[in-house]
Amino acid sequence: MKLATIRLGDRTAAVRVEKDHLVDLGLPDVGAVLASPGGLADAASADGPRHSAAGAVFATLVPHPSKVVCVGLNYQKHIKEMGRDLPQYPTLFCKFADTLIGARDAIRRPAETEAFDWEAELAVVIGRQVRRADEATAEAAIAGFTVLNDITCRDWQFRTREWLQGKNWESTTPVGPWLVTADEAGGPRPALHISCTVNGRVMQQDNTGDLLFDPVDLVRYVSTMVRLNPGDIIATGTPGGVGHARKPPVFLQDGDVVVTEIAGLGRLENRVLAEEA
């Protein structure tokens, strides 16, 4: 099953994605669906008004998650290109909801950065509340997966050893276009081709099966310290090929088109535009 959040005039709506139409689930977004008593089970059988799939405008998948937890240094190739040793534990940081945008929205490039970079990522979407999960509970807590690009201001990221200030610029992080449930994605540890292109040039490609800490590991680890809620997102990290690690470095400029794709999960296509003051 695929679920999405679409824009309908001055509101948003959660929908179930069918072949040629979208079934309105009567709730404002996918986060609300996951937090509802029936959750995914009700979403699978619910009926409602139909919307055309052609021309649908996708909002960010979960507009107001209680938390977005991100993982750095989680593909071996990327760890090596950044000149680091394999970590013993996941490297975690967080994003604010204000960073999140839809699958075809403009990525807003801040005037304050000269090092605007891409990071294609598999994102885990939590389907039920969980704390201190064991492996089975962690698997059951994963509603499914989506596509995310953790666009980063590298010059701000590396001002200190903490990365928060490089990762939390408003309207920079596309997520979507839909949630693909774990059963359709290949289980709780999917091995899927992931790629990022800039203006048609392939910058990143790898397989999510190469994650050092896989989705189940991450749900277990993060839920040890904090409760995960329905609609929360875990961005699992990016593969090699980021602009910062290239020689010479390559960064995003106004007008560039970034395409982020994961096989079976969907495609983000976002143009970089200067942020309006």
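Mentor: A residue is called buried under 20% relative accessible area, exposed over 50%, and partly exposed in between, using a 1.4 Å probe and protein chains only. The model is predicted: local features need pLDDT of at least 70, side-chain atom pairs count only at pLDDT 80 or more, and totals for chains, interfaces and linings use all residues. Residues are numbered from 1 along each chain as its sequence is written, and side-chain values use heavy atoms, with hydrogens and water left out.

Let us begin with Gln 129, which counts as exposed because its relative accessibility is 55%. Gln 129 sits in the loop between strand S10 (120-126) and helix H4 (135-141); helices (H or I, at least four residues) and strands (E, at least two) are DSSP runs, numbered from the N terminus. Twelve residues separate Gln 129 from Ala 141 in sequence, while their C-alpha atoms are 7.2 Å apart.

Beyond neighbours within four places in sequence, Gln 129 is in contact (heavy atoms within 4.5 Å) with Arg 227, Leu 228, Asn 229 and Pro 230. With Asn 229, the side chain of Gln 129 forms a polar contact of 3.4 Å. Such a contact is a pair of N or O atoms within 3.5 Å; within protein, one must be able to donate a hydrogen and the other to accept it, and residues adjacent in sequence count only if both atoms are side-chain atoms.
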